[in-house]
Amino acid sequence: MSEELPPLRIGRLESEFPIVLGGMSTALTNSELAAAVANQGGFGTIGGVGLGMVEGTKRKKEYFTGCETNLRQEINDALEKSNDGNIGVNLMVAVTDYENLVKVSVETGAKFIASGAGLPLSLPEYVEKYKVPGQPTPELIPIVSGVRAAELVLRRWKKDGVTPAAFIVETPNTAGGHLGVTKSEDIGKSEFSLETVVPQLVEVLEQQGIDIPVIAAGGVWDKEDILKSLSPKVGAKGVQISTRFIATDECNASTAFKERHVDNNDPIIVIKSPVGMPGRAIENSFIRRVNEKTPEENIDLGSCVNCLRVCAHAKDPFASFCIIRALYNVRVGDIDNGVLFTGSNGDRLKEDREKGIHSARQIMQELTKK
Ligand SMILES: Cc1cc2nc3c(=O)[nH]c(=O)nc-3n(C[C@H](O)[C@H](O)[C@H](O)COP(=O)(O)O)c2cc1C
């Protein structure tokens, strides 16, 4: 494929290639992976939520202090490792410390904030509140699954005199992690595909005279997929990729987590998360346990720190399970006691291993070669 990839401009920022590393919480896309992608000409996103969950975290205060301190550290490290490159954060609106994480990101000099898992209606207000005199504020990128959500954000932000620097459209049909639909039955419908939503959003923006890029997320694997997203028919100006980077050396996951992906023989399914959104994950023994549990059984992964605005398990310990601990467990290697979030491309990570691709640097080089 000899076609050259164009650069991507997001507000005042420009990258050599139109590739954004999608934030993966909790601590999967940390400074190392974000810097690797930025150093190869992309935008590097740190998964900014849940960083306070470490071995033995029990108390609320300890958790939230950890979230703040570790996010500050990851942003600083990523900026340093990328020589002040295009480093930003992904912040989920759904977390209870959202405002504080915005504050930390602004103060630490994150170049952009991508925000979804809920509508980031208050994001500009928080950025304004915590801006540092003399320091540029982060470029703001809402993540949406459909045009209606994008229009709501545009309308609300207009009141603050703020225009998004870009939109990320994430399709629930293929993306990993929490998915932006309320009903699992909607997943797979063509009305939520990138081919449908991206052109619709491009048109809305054109009608409103707003000249910002739309970035397509979900199921992008290779250069052909990137070129398809950038084609006039779809109209994206960039892509966001996560799953392909999961098994890389730079990804902050245990070897067990990476190898579970590479050797996976279980189906990739849609699960019900306690957050109230569906999520895409590898079906493992933990998910089977959750599905088969009786109403009297409490799948207790540790004490609740009240990390989410809406959480079925926090409300009733016998309902659902603790998602933050479930994600933490698999990241550190306890892969049978947690949720292995992945995208629909999760089964393809073995292809990279077979080709001798082990690093994010190699993936970026393969994606961008002429
Ligand atoms: C393990 C995992 C964790 C994720 N965590 C987050 C997150 O914290 N916030 C978010 O907005 N998106 C999250 N996502 C979604 C990605 O950022 C991305 O938009 C999507 O997965 C892109 O599709 P792809 O994985 O097929 O490349 C996650 C995805 C995965 C696979």
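**View 1. Residue classes in the shell around the ligand.** In this predicted model, the shell around the ligand is made up of 17 polar, eleven nonpolar and one charged residues. The ligand is surrounded by 29 residues, and the closest are G22, S25, G176, G177 and G343. Two strands, β5 (87-92) and β11 (238-241), are the elements that give two or more residues to this shell.

**View 2. The two domains of the chain.** Domain 1 covers residues 8-252 + 345-368, and domain 2 covers residues 256-341. Taken over C-alpha atoms, the centres of domain 1 and domain 2 are 23 Å apart. Domain 1 puts 28 residues into the contact, and domain 2 puts in 27 residues.

**View 3. The side of domain 1 that touches domain 2.** At least two residues of this side come from each of α2 (60-81), β9 (177-178) and α12 (349-354). The largest share, three residues, is supplied by α12. Sorted by class, this side of domain 1 has 14 nonpolar, nine polar and five charged residues.

**View 4. Packing of helix α1 against helix α13.** The axes of α1 (residues 31-39) and α13 (residues 360-368) come within 9 Å and cross at roughly 30 degrees. Angles under 35 degrees count as roughly parallel, so α1 is roughly parallel to α13. The crossing of the two helices is right-handed. On the α1 side the contact is made by L33, A36 and V37, and on the α13 side by A360, R361 and M364. Of the residues in this contact, five are nonpolar, one is charged and none is polar.

Note on methods. Residues numbered from 1 in each chain as written. Predicted model: local features only at pLDDT ≥ 70, side-chain atom pairs only at ≥ 80, totals over all residues. Axes fitted to C-alpha atoms, helices over the stretch in contact; angles between N-to-C directions. Helix = DSSP H or I, 4+ residues; strand = E, 2+ residues; numbered from the N terminus. Parallel < 35°, antiparallel > 145°, perpendicular 65-115°, else oblique. Left-handed = near helix turned anticlockwise from the far one by under 90°. Contact = placed C-beta atoms within 7 Å. Nonpolar A, V, L, I, M, F, W, Y, C, P; charged D, E, K, R; others polar. Near = placed C-beta within 6 Å. Domains from an automatic or database assignment.
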